[in-house]
Amino acid sequence: MTKYTRGSFQLMKSINRSMILNMIREKGPISRAEIAKQTSLTPPTVSNIVKELIHTEFVIETTQGASKGGRKPTLLEINADNFYILGIDVGRYKMNIVVTNLYGALKDETVIPIPDYPSKEELIHSMKEGIHSMLNSSSHKRDKFVGIGVGMHGIVDPVNGISLFAPSFHLHDIPIKEELENDFQMIVKVENDARTMTLGEYWFGNGNDSDHLVGVNVGNGIGAGVMINGQLFHGEHNIAGEIGHVTIDLSGPKCTCGNYGCLQTFAAGPSIAERAKKELKTGKPSLIHELVDGDFEKVKGEIVYQAACEGDAFSIELLNQTGRYLGIGLTNLIHTLNPKRIIVGGGVANADHFLMKGIKETIQTRGLTAKAKDTSIIFSKLGNYASAIGACVLVLEDFFVSENGGSS
Ligand SMILES: [Zn+2]
């Protein structure tokens, strides 16, 4: 019984602490009195918790506030650059590793290659090596890191931190959280990469004014992070948002999942290259012939983008067509979820200005109502590091909780 009482006291204290931290994060610099007013906590409670936050160096005092005559008020703000989080985005061929401060500001970044079709052990080994090298090379002291967030492609169990299925590696049940926690002795959070991208945009990017949000990650595959009422939606078995495998053409190309005509067989990076190769082999004129010295094996999504940037009509039309395919996927999302905004990120999103025309045309043609046609479609603000920065947010969420108990 005593234990239970102590437990609830500790829990209450921890909720209050998160609430106060979040208030300082969102409204800071802010005074103790103002925090008490806005959180409805008593001034002594606020004062005690703030004392602890200052002692643990998460919060600092500042006197920059406006003075109404007399002494300047002492205000509080997050000691943003005193702690760091390491975020990893595990893609098919590489992982992006970033270090951010408590405000999600990018402090360091690196890219580590992943071996082709790694075993579980090889993948975990690459991740550990990457983290070690980042921690060692970083100018930030190791004891200032509060946690590691991982954005992993495929189906992820975020509660246990397990990658249930990573289709690009043909791997199942990779115990990422357990492995990294054992090695690095800090909190490790794991989530699907499209969801971390969405989370990153929601906290620090283009999604911060939308509680009904979908982030679509278009890279070597296509996935979506669905956010409803400010919370990521996982579905019953963490499959929600796998829009890359929504069928858009029954007689389309075969997908890595075994089905035919999935969205990602038309609009993901490798499929852009495949469509380009097929048409170039029929002799269509394009700058790409020159860029790859006639070697079609060298045709990649990036080359198509490069040619488009140099004004190549063939490549521009190919990306336009890709935009129209993506538009079909996004229209399906609009009709299923009716989000306020869809944010498109991932490697393919670098071709944003070539894709947007096709995306908008398709949604304009197919949207059910005027409001559906008007759904805000925007490209990622955090760019290539959106999923990795979002992975850091997985850790930040533990520190900052808003008054309704959800993350903000
Ligand atoms: Zn598929």
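Me: Which residues of H3 are buried?

Reply: In this predicted model, the buried residues of H3 are Val 46, Ile 49, Val 50 and Leu 53.

Me: Where do those buried residues sit when you look down the axis of H3?

Reply: They fall within an arc of 105 degrees, so they line one face of the helix.

Me: And what is exposed on the other side of H3?

Reply: That side has Pro 44, Asn 48, Lys 51 and His 55 as exposed residues.

Me: How many residues does H3 have, and what is its reach?

Reply: Helix H3 covers residues 43-55, which is 13 residues. From first C-alpha to last it reaches 18 Å, close to the 18 Å expected at 1.5 Å a residue.

Me: What's up with the phi of Glu 57?

Reply: Glu 57 follows H3, and its phi is positive, near 70 degrees.

Me: OK, switching to the sheet. What order do the strands come in?

Reply: The open sheet has 5 strands, ordered E5-E4-E3-E6-E10, with mixed pairing.

Me: Which strands stand at the edges, and why is one side of each left without a neighbour?

Reply: Those are E5 (106-113) and E10 (187-192). Each has a single partner strand, so one of its sides has no neighbour in the sheet.

Me: What does the twist average?

Reply: From one strand to the next, the twist averages 15 degrees.

Me: In which sense do E3 and E6 pair?

Reply: Strand E3 (residues 84-90) and strand E6 (residues 145-152) are parallel, paired over 7 bridges. Within that pair, Tyr 84 stands opposite Phe 145 in E6.

Me: Nice. I was clicking on Phe 184, which helix is that in?

Reply: Phe 184 lies in helix H5.

Me: Does Phe 184 count as buried or exposed?

Reply: Buried: its relative accessibility is 3%, and the cut-off for buried is under 20%.

Me: What does Phe 184 touch, leaving out residues up to four places away in sequence?

Reply: With those left out, Phe 184 touches Lys 128, Ile 131, His 132, Leu 135, Arg 142 and Ile 148.

Me: And how many Å apart are Phe 184 and Ile 363 in space?

Reply: Their C-alpha atoms are 46 Å apart, and in sequence Phe 184 and Ile 363 are 179 residues apart.

Definitions and conventions
Residues numbered from 1 in each chain as written. Predicted model: local features only at pLDDT ≥ 70, side-chain atom pairs only at ≥ 80, totals over all residues. Heavy atoms only, no water. Pairing = 2+ DSSP bridges. Helix = DSSP H or I, 4+ residues; strand = E, 2+ residues; numbered from the N terminus. Axes fitted to C-alpha atoms, helices over the stretch in contact; angles between N-to-C directions. Expected span 1.5 Å × (residues − 1). Buried < 20%, exposed > 50% of the residue type's maximum accessible area, 1.4 Å probe, protein only. Arc of directions from axis to C-beta. Contact = heavy atoms within 4.5 Å.
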